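Trainee: I would like to learn how to read this model step by step. Could you take me through it slowly?

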Amino acid sequence: MKETNLIALRKDIECLLEYVPWLTKKRGSDVSQVYNENNLSASSVPFPVYDSTLLSFVNEASASGLMDSNYVYVYSELGIRDVEGERQAIKNATVKDGAVLCGILSKYVMGGMRKGAVWTAGVNEGIFLDVLLKMKSLLEIWDAPLA
């Protein structure tokens, strides 16, 4: 597993921390709706419409240095198979485990680009929030306090 220095990625993390209040508020709730107005014909396919704040978060996260396209390797290496495994990995992460936190974040951000329900699960299950709060706490221990 490659080493990821969270301290070097501090600015990217700080930008995403602006979403913590929103992620806290939306944890456990649905952040998408199915667009299926009455004027759609019976042959039309309904499609999801995502909360604009979620889309802003995903855009900022995907443009950050926190993304790891090899996130599957992190899951394989740690044997993470479900949300509980992700939560445990987040909880146990140390400052040396930046790759683990980035891998989990990447799974939800990048995976959602192929299957949008993954973004909703990241908010609903609190994975986005848990990863960001863990990154924040690790940076505060090893670097300087964050705003």
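Trainee: In what order do the elements of the chain run from the N terminus on?

Mentor: Helices (H or I, at least four residues) and strands (E, at least two) are DSSP runs, numbered from the N terminus. Here the elements run α-α-β-β-α-α-α-α-α-α, and the secondary structure comes to eight helices and two strands. Please keep in mind that this is a predicted model, in which local features need pLDDT of at least 70 and side-chain atom pairs count only at pLDDT 80 or more, while totals for chains, interfaces and linings use all residues. Residues are numbered from 1 along each chain as its sequence is written, and side-chain values use heavy atoms, with hydrogens and water left out.

Trainee: Which residues of helix 5 are buried, and what do they pack against?

Mentor: In helix 5, the buried residues are G85, E86, A89 and I90. Seen down the axis of helix 5, they fall within an arc of 135 degrees (taken from the directions from the helix axis to the C-beta atoms), so they line one face of the helix. The face turned away from that buried side carries the exposed residues E84 and K91. Contact means heavy atoms within 4.5 Å, and the buried residues of helix 5 pack against helix 4 (71-78), helix 6 and helix 8 (127-142).

Trainee: At what angle do the axes of helix 5 and helix 6 cross?

Mentor: Axes are lines fitted to C-alpha atoms, for helices over the stretch in contact, and angles run from 0 to 180 degrees between N-to-C directions. The axes of helix 5 (residues 83-92) and helix 6 (residues 98-112) come within 9 Å and cross at roughly 145 degrees. The contact is made by V83, E86, A89 and I90 of helix 5, together with V100, L101, I104, K107 and Y108 of helix 6.

Trainee: Where is D12 placed, and what is it in contact with?

Mentor: D12 has its place in helix 1 (residues 10-17), and at 24% relative accessibility D12 counts as partly exposed. Leaving aside neighbours within four places in sequence, D12 is in contact with S64, G65 and L66. The C-alpha atoms of D12 and G65 are separated by 6.8 Å, although these residues are 53 residues apart along the chain.

Notes
Buried means under 20% relative accessible area, exposed over 50%, partly exposed in between (1.4 Å probe, protein chains only).
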